[in-house]
Amino acid sequence: MGVDTGVTLCGIALDNPVIPASGTFGYGYEFAELYDIDCLGSFSFKGTTLEPRLGNDTPRIAECPSGMLNSVGLQNPGVDAVIERELPRLREVFHKPVMANVSGFSVDEYCEVTRRLSESGASDQIGWFEINISCPNVHGGGMSFGTDPCMASDVVKAVRKVTDKALIIKLSPNVTDIVAIAKACEDAGADGISLINTVMGMRFDLRTGKPVLANVTGGLSGPAVLPLALRMVYQVSNAVAIPVVGMGGISSAEDVIEMMIAGASAVEIGAANLVNPYACRDIINKLPEVMQKYGIERLSEVRHG
(Lines give C-alpha, C1' and ligand atoms only; values in the text may rest on other atoms or scores of the structure.)
Protein backbone atom coordinates (compact mmCIF):
# COMPACT_ATOMS: atom_id res chain seq x y z
CA MET A 1 0.00 0.00 0.00
CA GLY A 2 1.35 3.40 -0.95
CA VAL A 3 0.97 6.06 1.72
CA ASP A 4 0.78 9.86 1.64
CA THR A 5 2.55 11.69 4.47
CA GLY A 6 1.70 15.13 3.09
CA VAL A 7 -0.28 17.68 5.11
CA THR A 8 -1.28 21.32 4.74
CA LEU A 9 -0.66 23.98 7.39
CA CYS A 10 -2.38 27.34 6.97
CA GLY A 11 -2.50 26.86 3.22
CA ILE A 12 1.12 25.75 2.83
CA ALA A 13 1.74 22.15 1.72
CA LEU A 14 4.26 20.10 3.70
CA ASP A 15 5.85 16.83 2.58
CA ASN A 16 5.22 15.51 6.09
CA PRO A 17 3.94 16.94 9.39
CA VAL A 18 7.26 16.82 11.28
CA ILE A 19 8.55 20.21 12.47
CA PRO A 20 11.44 20.49 14.96
CA ALA A 21 10.28 22.76 17.78
CA SER A 22 11.74 26.15 18.52
CA GLY A 23 14.71 26.13 20.85
CA THR A 24 15.69 22.55 20.02
CA PHE A 25 16.96 23.03 16.47
CA GLY A 26 18.81 26.35 16.58
CA TYR A 27 18.63 28.06 13.19
CA GLY A 28 18.92 24.75 11.39
CA TYR A 29 22.33 24.81 9.82
CA GLU A 30 24.05 22.93 12.66
CA PHE A 31 21.74 19.96 12.07
CA ALA A 32 22.35 20.28 8.33
CA GLU A 33 25.92 19.14 9.03
CA LEU A 34 24.44 15.81 10.21
CA TYR A 35 21.73 15.13 7.62
CA ASP A 36 19.75 16.73 4.79
CA ILE A 37 17.23 18.84 6.69
CA ASP A 38 15.16 19.32 3.54
CA CYS A 39 13.52 16.04 4.59
CA LEU A 40 11.65 17.99 7.29
CA GLY A 41 8.16 19.32 6.81
CA SER A 42 9.52 22.60 8.15
CA PHE A 43 11.13 23.72 11.40
CA SER A 44 10.56 26.47 13.93
CA PHE A 45 13.74 28.43 14.49
CA LYS A 46 15.02 29.59 17.85
CA GLY A 47 12.81 32.04 19.72
CA THR A 48 13.88 35.50 18.57
CA THR A 49 13.61 38.73 20.55
CA LEU A 50 14.29 42.35 19.63
CA GLU A 51 17.61 42.57 21.49
CA PRO A 52 20.25 39.86 22.03
CA ARG A 53 19.74 37.74 25.15
CA LEU A 54 22.29 35.65 27.01
CA GLY A 55 19.53 33.71 28.73
CA ASN A 56 19.32 32.67 32.37
CA ASP A 57 22.18 31.79 34.69
CA THR A 58 23.45 28.22 34.79
CA PRO A 59 22.65 25.53 35.70
CA ARG A 60 19.62 25.72 33.44
CA ILE A 61 19.09 22.07 32.48
CA ALA A 62 18.00 19.33 34.87
CA GLU A 63 17.21 15.71 34.09
CA CYS A 64 14.12 14.01 35.44
CA PRO A 65 12.28 10.74 34.83
CA SER A 66 10.88 10.58 31.28
CA GLY A 67 11.91 14.12 30.47
CA MET A 68 13.97 17.17 31.30
CA LEU A 69 13.64 20.62 32.82
CA ASN A 70 15.04 23.68 31.07
CA SER A 71 15.27 27.32 32.03
CA VAL A 72 17.39 28.56 29.12
CA GLY A 73 15.53 31.86 29.03
CA LEU A 74 15.29 32.66 25.30
CA GLN A 75 19.01 32.93 24.60
CA ASN A 76 19.32 34.35 21.08
CA PRO A 77 21.34 36.91 19.10
CA GLY A 78 18.45 39.33 18.52
CA VAL A 79 16.34 39.88 15.42
CA ASP A 80 18.84 42.00 13.47
CA ALA A 81 21.56 39.36 13.78
CA VAL A 82 19.06 36.68 12.78
CA ILE A 83 18.23 38.62 9.62
CA GLU A 84 21.80 39.50 8.76
CA ARG A 85 23.61 36.31 9.75
CA GLU A 86 21.45 33.32 10.68
CA LEU A 87 18.85 33.25 7.90
CA PRO A 88 21.36 33.70 5.02
CA ARG A 89 23.22 30.64 6.35
CA LEU A 90 19.97 28.75 6.65
CA ARG A 91 19.04 29.58 3.05
CA GLU A 92 22.01 27.54 1.86
CA VAL A 93 20.84 24.31 3.54
CA PHE A 94 17.02 24.51 3.83
CA HIS A 95 14.87 25.16 0.79
CA LYS A 96 11.35 25.15 2.22
CA PRO A 97 9.32 27.73 4.14
CA VAL A 98 10.54 28.03 7.74
CA MET A 99 8.55 28.90 10.85
CA ALA A 100 9.79 32.08 12.54
CA ASN A 101 9.35 31.89 16.31
CA VAL A 102 8.91 35.36 17.83
CA SER A 103 9.17 36.06 21.56
CA GLY A 104 8.77 39.29 23.46
CA PHE A 105 8.30 41.16 26.70
CA SER A 106 5.70 43.62 25.43
CA VAL A 107 3.12 43.86 22.67
CA ASP A 108 5.36 46.41 20.95
CA GLU A 109 8.29 44.00 20.95
CA TYR A 110 6.27 41.19 19.39
CA CYS A 111 5.18 43.62 16.69
CA GLU A 112 8.62 45.07 16.01
CA VAL A 113 10.34 41.68 15.72
CA THR A 114 7.62 40.43 13.40
CA ARG A 115 7.72 43.63 11.33
CA ARG A 116 11.50 43.51 10.88
CA LEU A 117 11.41 39.89 9.79
CA SER A 118 8.46 40.55 7.46
CA GLU A 119 10.15 43.51 5.79
CA SER A 120 13.61 41.93 5.57
CA GLY A 121 15.27 40.27 2.62
CA ALA A 122 14.70 36.98 4.43
CA SER A 123 10.92 37.39 4.34
CA ASP A 124 10.57 34.96 1.44
CA GLN A 125 12.02 32.19 3.63
CA ILE A 126 9.26 32.56 6.23
CA GLY A 127 6.03 30.63 5.79
CA TRP A 128 4.52 31.23 9.22
CA PHE A 129 5.15 33.32 12.32
CA GLU A 130 4.88 31.32 15.54
CA ILE A 131 4.15 33.93 18.20
CA ASN A 132 5.35 32.53 21.51
CA ILE A 133 3.16 33.86 24.30
CA SER A 134 3.98 30.87 26.49
CA CYS A 135 7.63 30.85 27.60
CA PRO A 136 7.72 30.00 31.33
CA ASN A 137 11.40 30.78 31.83
CA VAL A 138 11.56 34.56 31.53
CA HIS A 139 10.37 37.34 33.81
CA GLY A 140 8.31 40.34 32.80
CA GLY A 141 6.75 38.86 29.69
CA GLY A 142 6.59 35.57 27.86
CA MET A 143 4.06 33.31 29.50
CA SER A 144 2.09 36.16 31.11
CA PHE A 145 0.58 37.02 27.72
CA GLY A 146 -0.55 33.45 27.25
CA THR A 147 -2.36 33.00 30.56
CA ASP A 148 -5.12 35.56 29.97
CA PRO A 149 -7.50 35.58 26.98
CA CYS A 150 -7.60 39.38 26.79
CA MET A 151 -3.82 39.75 26.82
CA ALA A 152 -3.43 36.98 24.26
CA SER A 153 -6.01 38.68 22.06
CA ASP A 154 -4.17 42.00 22.31
CA VAL A 155 -0.94 40.43 21.07
CA VAL A 156 -2.64 38.73 18.13
CA LYS A 157 -4.54 41.86 17.06
CA ALA A 158 -1.40 43.98 17.17
CA VAL A 159 0.88 41.52 15.34
CA ARG A 160 -1.82 40.88 12.73
CA LYS A 161 -1.43 44.51 11.62
CA VAL A 162 2.28 44.19 10.76
CA THR A 163 2.35 41.06 8.59
CA ASP A 164 0.25 39.27 6.01
CA LYS A 165 1.89 35.93 6.74
CA ALA A 166 0.17 33.20 8.71
CA LEU A 167 0.16 33.71 12.48
CA ILE A 168 0.37 30.62 14.68
CA ILE A 169 0.05 31.42 18.38
CA LYS A 170 1.99 29.19 20.77
CA LEU A 171 0.08 28.56 23.99
CA SER A 172 1.06 27.59 27.51
CA PRO A 173 -0.32 24.54 29.33
CA ASN A 174 0.16 26.36 32.64
CA VAL A 175 -3.42 27.67 32.64
CA THR A 176 -6.82 26.58 33.91
CA ASP A 177 -8.66 26.89 30.57
CA ILE A 178 -6.50 26.67 27.46
CA VAL A 179 -9.59 26.48 25.22
CA ALA A 180 -10.71 29.97 26.21
CA ILE A 181 -7.30 31.36 25.32
CA ALA A 182 -7.20 29.51 22.00
CA LYS A 183 -10.65 30.81 21.06
CA ALA A 184 -9.62 34.37 21.98
CA CYS A 185 -6.63 34.06 19.66
CA GLU A 186 -8.81 32.72 16.86
CA ASP A 187 -11.30 35.55 17.30
CA ALA A 188 -8.44 38.09 17.21
CA GLY A 189 -7.20 36.89 13.82
CA ALA A 190 -4.83 33.99 14.44
CA ASP A 191 -4.42 31.55 11.55
CA GLY A 192 -3.37 28.64 13.76
CA ILE A 193 -2.57 27.53 17.31
CA SER A 194 0.46 25.57 18.52
CA LEU A 195 0.56 23.77 21.86
CA ILE A 196 1.78 22.81 24.32
CA ASN A 197 4.82 24.64 25.56
CA THR A 198 6.57 23.22 28.60
CA VAL A 199 4.92 22.55 31.96
CA MET A 200 6.29 24.38 34.99
CA GLY A 201 8.34 22.19 37.32
CA MET A 202 11.38 22.06 39.58
CA ARG A 203 13.91 19.73 41.19
CA PHE A 204 16.01 19.89 44.36
CA ASP A 205 19.61 18.89 45.01
CA LEU A 206 19.50 16.51 48.00
CA ARG A 207 23.04 17.44 49.04
CA THR A 208 22.36 21.17 49.32
CA GLY A 209 18.61 21.27 49.78
CA LYS A 210 18.45 23.95 47.08
CA PRO A 211 16.77 23.99 43.67
CA VAL A 212 18.86 22.41 40.91
CA LEU A 213 18.09 25.21 38.46
CA ALA A 214 19.52 28.67 39.00
CA ASN A 215 16.16 30.06 37.87
CA VAL A 216 14.50 27.85 40.57
CA THR A 217 11.77 26.61 38.20
CA GLY A 218 11.92 25.41 34.62
CA GLY A 219 9.84 23.91 31.86
CA LEU A 220 9.23 20.16 31.80
CA SER A 221 9.38 18.51 28.38
CA GLY A 222 9.82 15.00 27.05
CA PRO A 223 7.69 11.83 27.04
CA ALA A 224 6.24 12.60 30.47
CA VAL A 225 4.07 15.40 29.06
CA LEU A 226 2.64 13.54 26.03
CA PRO A 227 -0.70 12.57 27.63
CA LEU A 228 -1.22 16.13 28.84
CA ALA A 229 -0.40 17.49 25.38
CA LEU A 230 -2.77 15.04 23.68
CA ARG A 231 -5.60 16.07 25.98
CA MET A 232 -5.08 19.78 25.32
CA VAL A 233 -4.67 19.37 21.56
CA TYR A 234 -7.89 17.33 21.52
CA GLN A 235 -9.77 19.99 23.47
CA VAL A 236 -8.48 22.94 21.43
CA SER A 237 -8.87 21.29 18.03
CA ASN A 238 -12.52 20.57 18.84
CA ALA A 239 -13.12 24.17 19.88
CA VAL A 240 -11.50 26.17 17.05
CA ALA A 241 -11.81 26.09 13.28
CA ILE A 242 -8.17 26.98 12.60
CA PRO A 243 -5.32 24.41 12.39
CA VAL A 244 -3.56 23.16 15.51
CA VAL A 245 0.12 22.24 15.65
CA GLY A 246 0.55 19.65 18.38
CA MET A 247 3.68 19.18 20.46
CA GLY A 248 4.75 17.82 23.81
CA GLY A 249 6.59 14.57 24.39
CA ILE A 250 6.58 13.29 20.80
CA SER A 251 9.49 10.91 20.25
CA SER A 252 8.31 8.33 17.71
CA ALA A 253 6.32 7.93 14.50
CA GLU A 254 3.55 6.37 16.57
CA ASP A 255 3.43 9.51 18.73
CA VAL A 256 3.13 11.66 15.60
CA ILE A 257 0.10 9.69 14.44
CA GLU A 258 -1.48 9.75 17.89
CA MET A 259 -1.09 13.53 18.06
CA MET A 260 -2.72 13.89 14.65
CA ILE A 261 -5.58 11.62 15.69
CA ALA A 262 -6.07 14.02 18.60
CA GLY A 263 -6.59 16.81 16.09
CA ALA A 264 -3.20 18.22 15.09
CA SER A 265 -2.63 19.26 11.46
CA ALA A 266 1.14 19.07 12.01
CA VAL A 267 3.44 18.30 14.94
CA GLU A 268 6.52 19.79 16.53
CA ILE A 269 9.23 17.66 18.10
CA GLY A 270 11.37 19.22 20.80
CA ALA A 271 13.19 17.39 23.57
CA ALA A 272 13.76 14.31 21.40
CA ASN A 273 16.20 16.38 19.30
CA LEU A 274 18.33 16.97 22.38
CA VAL A 275 18.53 13.25 23.09
CA ASN A 276 19.10 12.16 19.48
CA PRO A 277 19.99 14.82 16.88
CA TYR A 278 18.69 12.47 14.16
CA ALA A 279 15.29 12.05 15.87
CA CYS A 280 13.21 13.99 13.34
CA ARG A 281 14.89 12.35 10.36
CA ASP A 282 14.38 8.90 11.86
CA ILE A 283 10.73 9.58 12.68
CA ILE A 284 10.06 10.80 9.13
CA ASN A 285 11.69 7.69 7.69
CA LYS A 286 9.61 5.48 9.98
CA LEU A 287 6.25 7.13 9.29
CA PRO A 288 5.34 5.19 6.10
CA GLU A 289 5.97 1.84 7.79
CA VAL A 290 3.84 2.75 10.81
CA MET A 291 1.09 4.11 8.57
CA GLN A 292 1.01 0.84 6.67
CA LYS A 293 0.89 -1.11 9.94
CA TYR A 294 -2.28 0.72 10.95
CA GLY A 295 -3.84 0.83 7.50
CA ILE A 296 -3.46 4.59 7.11
CA GLU A 297 -3.25 5.77 3.51
CA ARG A 298 -3.29 9.55 4.05
CA LEU A 299 -1.85 11.08 7.19
CA SER A 300 -3.96 14.20 6.72
CA GLU A 301 -7.13 12.11 7.24
CA VAL A 302 -6.39 10.37 10.54
CA ARG A 303 -8.04 12.92 12.82
CA HIS A 304 -10.60 11.49 15.22
CA GLY A 305 -14.27 11.73 14.32
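Modeller: Helices are DSSP runs of H or I with at least four residues, strands are DSSP runs of E with at least two, and both are numbered from the N terminus; read in this way, Val 240 sits in the loop between helix H6 (226–237) and strand E14 (244–247). The model is predicted, so that local features need pLDDT of at least 70 and side-chain atom pairs count only at pLDDT 80 or more, while totals for chains, interfaces and linings use all residues. Residues are numbered from 1 along each chain as its sequence is written, and side-chain values use heavy atoms, with hydrogens and water left out.

Colleague: How many helices and strands does the protein chain come to?

Modeller: The protein chain has 9 helices and 15 strands. Its radius of gyration (taken over C-alpha atoms, with a globule rule of 2.2 Å times the number of residues to the power 0.38) is 18 Å, close to the 19 Å given by that rule for 305 residues, so the chain is as compact as a globular protein of that length. Along the principal axes, its C-alpha atoms fill a box of roughly 55 × 50 × 40 Å.

Colleague: Is Val 240 buried or exposed?

Modeller: Burial is judged by relative accessible area: buried means under 20%, exposed over 50%, and partly exposed in between, using a 1.4 Å probe and protein chains only. Val 240 counts as buried, at 10% relative accessibility, as do 57% of the 305 residues of the protein chain.

Colleague: Which residues does Val 240 touch, not counting residues up to four places away in sequence?

Modeller: A contact means heavy atoms within 4.5 Å, and on that reading Val 240 touches Ala 182, Lys 183 and Glu 186. Ala 182 and Glu 186 are among the buried residues of H5. Over the protein chain, 71% of contacts between residues at least 6 apart in sequence join residues at least 24 apart.

Colleague: How many residues of H5 are buried?

Modeller: H5 is mostly covered, with 8 of its 11 residues buried, and the cover of those buried residues includes helix H4 (149–160), strand E8 (166–170), strand E9 (192–195) and H6. Ala 188, in helix H5 (residues 178–188), is buried at 11% relative accessibility and touches Ser 153, Val 156 and Lys 157, leaving out residues up to four places away in sequence.

Colleague: What caps the N-terminal end of H5?

Modeller: Asp 177 does, with a side-chain oxygen 3.2 Å from the backbone nitrogen of Val 179. Such a pair can be read as a polar contact, meaning N or O atoms within 3.5 Å, where within protein one must be able to donate a hydrogen and the other to accept it, and residues adjacent in sequence count only if both atoms are side-chain atoms. Just after H5, Gly 189 takes a positive phi of about 115°.

Colleague: With which side chain does the side chain of Ser 103 make a polar contact?

Modeller: Its partner is the side chain of Asn 132, at 3.5 Å. Ser 103 lies in the loop between strand E6 (98–102) and helix H3 (107–119), and at 1% relative accessibility this residue counts as buried. Beyond its neighbours within four places in sequence, Ser 103 has contacts including Gly 47, Thr 48, Leu 74 and Tyr 110. Ser 120, in the loop between H3 and strand E7 (126–132), counts as buried at 13% relative accessibility, and the side chain of Ser 120 reaches the backbone oxygen of Leu 117 at 2.9 Å.
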